[in-house]
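Q: Could we go through this model together, one feature at a time, with the general idea set beside the particular case?

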Amino acid sequence: MTATPAAVVPRAAAPLPSPLRIALARAAVETKVLFRERDAVVFTFALPIVFLVLFASIFSDSAEGTGVTVAQLYTAGLIGSGVMGTGFQNLGIGIAGDREDGTLKRLVGLPMPRAAYFIGKIASVLVMTVLQVAILLAIAVLFYGLELPAEVSAWATFAWVFVLGVSAASVLGIAISGLPRSGKSATAVITLPFVVLQFVSGVFIPITALPDWLVNVASIFPLKWMCQGFRSVFQGDAGAALELTGSYELGKIALVLAAWLVGGLVLCATTFRWKGRRDG
Amino acid sequence: MKHAIRVRGLTKRYGEVQAVAGLDLDIEHGEVFAVLGPNGAGKSTTVEILEGYRKRDAGEVTVLGQDPARPTREWRSRIGIVLQTADDRAELTVRETLRHFAAYYADPRDPDELMEQVGLTESAGKRIRQLSGGQRRRVDVALGVIGRPELLFLDEPTTGFDPEARRRFWELIEGLAHDGTTIVLTTHYLEEAERLADRVAVVARGRVVAEGDPATLGGRASAKARVSWSDGELETDNPTAAVLELSRRYDGEIPALSVARPTLEDVYLRLIDSADPPAGGVPETAVTIGSAS
């Protein structure tokens with residue numbers, strides 16, 4: 001799982017390219033391939049936008065007494081959902097496909113530090129998610145009257161929730177990629193937990209509308225905390241009253257997301273398979 | 001580092017099936033070496049152990065002076081691998097793919113020159129997904145050699161090729177061999193082994209049952225020749241005398257004359273048939289053959 005040890009036998013020829021250069025090459029190629037699958041790109045970008053349009057049309061009232069608009073509420077949830085969708089769902093399915101079609105086997109045979117593969121994947125998720133968020137915010141601002149926060153502190157919160165969220169989601173995507181028995185079943189296996197999480201984590205339905213036991217279940221997983229973090233950015237202090245505890249609990253968000261990141265890394269390091277099941 | 005590859009007493013078991021059962025092999029630097037054997041004989045397992053893809057149960061294995069069970073980047077950079085099946089990287093173009101793979105090596109071949117050599121220049125801008133099977137295989141070979149490997153593994157490289165594509169592929173491999181690349185080839189085409197290989201090994205039930213120059217394997221060169229013509233055939237140690245005798249009998253041209261030594265295929269099939277029947281526990285779909293003991 002870690003980079004292979006440095007070469008022991010010195011060669012007269014030029015040294016191998018640095019691990020950093022190879023990681024950058026992987027990032028470039030992964031991102032390029034991601035955008036080449038045009039239908040996937042279009043639908044990935046369209047999904048949160050379609051949901052925003054739907055929700056903003058269905059629920060047009062603002063939350064009682066706080067001045068929090070539907071656009072604020074759903075923009076935050078849909079950014080969380082987009083991060084999870086690209087990092088967890090798309091990445092998990094993509095890696096299961098790489099295992100199936102021989103990409104992983106070929107890469108193992110190359111003089112590639114294995115970490116470069118994961119860095120490349122996560123970099124491509126970052127690029128994709130940043131674009132996704134930019135498009136979503138632009139539409140929310142232009143058509144649904146979303147006002148972007150002016151304070152630097154709000155954007156700082158956005159930045160750390162986003163980076164921690166993308167990292168945790170990607171690491172979990174890498175870990176879950178080994179669960180489906182084949183590349184073909186990956187979509188079904190990985191989509192179910194993702195859809196369920198969206199319903200219980202405050203993406204589609206405000207978390208205050210859920211029974212306690214569902215809130216408790218959702219609180220185990222990272223999506224609920226990501227959405228909560230993004231709500232703190234877009235709803236501001238006025239919206240804190242709408243939270244279950246009357247506060248955005250930023251410290252707890254950081255803690256839970258970091259715990260998932262570390263746990264996911266351990267899971268990857270212990271369970272990641274470079275071979276398909278057919279390869280024995 | 002005397003041999004490019006040295007294997008002693010290699011074993012590997014999958015559950016009930018003993019895939020490799022004490023296999024020995026020496027492959028010299030600069031040699032083209034073909035590993036022949038029916039499906040299930042253990043040749044793919046052996047090659048995957050040599051490539052560093054699989055762990056062995058027991059035995060000594062040295063590939064380019066190192067144990068392939070602990071591959072380093074430096075060691076990997078000296079080895080090229082052309083896998084049996086590959087349908088990855090479908091959305092990149094041929095040129096992009098070659099340029100990307102060049103980035104892993106210290107002193108890669110020039111992607112454009114390589115495309116020229118393997119006959120892919122016209123397809124350079126095409127996505128891999130759009131290529132024919134034969135063209136894809138050429139991409140695989142190009143990726144296998146882009147890092148100027150000292151040792152190249154080719155696993156059934158021409159399966160599904162038409163005869164002309166196969167011939168062009170052979171010329172490519174002969175060129176690499178001429179430049180000093182050590183090549184380990186597995187194939188089901190005995191004609192291919194005969195054309196390319198300096199030496200062949202026949203693997204059956206996890207062991208090497210015969211090894212040598214394809215022209216003399218299994219006593220091929222000294223075996224009786226078969227002389228056949230329109231009215232009969234005979235096996236003899238003195239085919240020249242037989243032909244002279246026939247020529248006299250027909251007063252000149254002998255109708256439908258042919259003189260043949262056993263082909264590599266004849267020898268191969270005999271080696272496999274003469275082996276003991278399997279002891280059981282081997283999948284029925286595999287062509288099973290006994291060891292030579």
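Q: How much of residues 118-146 of chain A is helix, and how far apart are the end C-alpha atoms?
A: This is a predicted model, and in it residues 118-146 of chain A are 93% helix and 0% strand, with 35 Å between the end C-alpha atoms. The span is one of those that an unreviewed UniProt entry lists under "transmembrane region" for chain A, the others being 40-59, 71-97, 152-176, 188-209 and 253-274. Such an annotation may be inferred rather than shown by experiment. For residues 188-209 of chain A, which the UniProt record also lists, the model gives 59% helix and 0% strand, and the end C-alpha atoms lie 28 Å apart.

Q: How many helices and strands does chain A have, and what pattern do they follow along the sequence?
A: Chain A has 10 helices and 0 strands, and its pattern along the sequence reads α-α-α-α-α-α-α-α-α-α. The radius of gyration of chain A is 20 Å, close to the 19 Å that the globule rule gives for 280 residues, so chain A is as compact as a globular protein of that length. Along the principal axes, the C-alpha trace of chain A spans about 75 × 35 × 35 Å. Buried residues make up 44% of the 280 residues in chain A, and of the contacts in this chain between residues at least 6 apart in sequence, 83% join residues at least 24 apart.

Q: Where is confidence lowest and where is it highest among the helices of chain A?
A: Helix α2 (residues 38-58) of chain A has the lowest mean, 85, while helix α6 (residues 152-176) of chain A has the highest, 94. Chain A as a whole averages a pLDDT of 87, and 91% of its residues score at least 70.

Q: Which residues touch the most other members of the largest nonpolar core?
A: The general idea is that in soluble globular proteins nonpolar side chains tend to be buried together. Here the largest nonpolar core has 134 residues, and those that touch the most other members are L257(A), A34(B), L36(B), A142(B), I183(B) and L185(B). Helix α3 (residues 70-101) of chain A gives the most to this core, with 14 residues. Leaving aside residues up to four places away in sequence, L185(B) touches V32(B), F33(B), A34(B), L154(B), L196(B) and A197(B).

Q: Is Y268(B) buried or exposed?
A: Y268(B), which lies in helix α9 (residues 264-273) of chain B, counts as buried because it has 24 C-beta neighbours inside 10 Å, where the cut-off for burial is 20 or more. Beyond four places in sequence, Y268(B) touches L36(B), L190(B) and V202(B). Y268(B) and K43(B) are 225 residues apart in sequence, and their C-alpha atoms are 15 Å apart in space.

Q: How do strands β8 and β9 of chain B run, and how many bridges join them?
A: Strand β8 (residues 199-204) of chain B and strand β9 (residues 207-212) of chain B run antiparallel and are joined by 5 bridges. One pairing to look for is that of V203(B) with V208(B), its bridge partner in β9(B). The two strands form a hairpin with 2 residues between them, and R205(B) sits in the turn.

Q: What is phi at R205(B) and at E249(A)?
A: Most residues other than glycine have a negative phi. R205(B), in the loop between β8 and β9 of chain B, has instead a positive phi near 50°, and with 26 other C-beta atoms within 10 Å this residue is buried. E249(A) likewise is not a glycine and has a positive phi of about 50°. E249(A) is found in the loop between α9 (222-239) and α10 (250-271) of chain A, and it counts as partly exposed because it has 18 C-beta neighbours inside 10 Å.

Key. Residues are numbered from 1 along each chain as its sequence is written. Chains are lettered from A and ligands numbered from 1 in the order in which they are written. This is a predicted model: local features need pLDDT of at least 70, side-chain atom pairs count only at pLDDT 80 or more; totals for chains, interfaces and linings use all residues. Helices (H or I, at least four residues) and strands (E, at least two) are DSSP runs, numbered from the N terminus. Two strands pair if DSSP finds at least two bridges between them. The radius of gyration is taken over C-alpha atoms; the globule rule is 2.2 Å times the number of residues to the power 0.38. A residue is buried if 20 or more other C-beta atoms lie within 10 Å of its own, exposed if 12 or fewer, and partly exposed in between; C-beta atoms are placed from the backbone. Two residues are in contact if their C-beta atoms, placed from the backbone, lie within 7 Å. pLDDT is the predictor's confidence in each residue, from 0 to 100. A nonpolar core is a set of buried Ala, Val, Leu, Ile, Met, Phe, Trp, Tyr and Cys residues joined through C-beta atoms within 7 Å.
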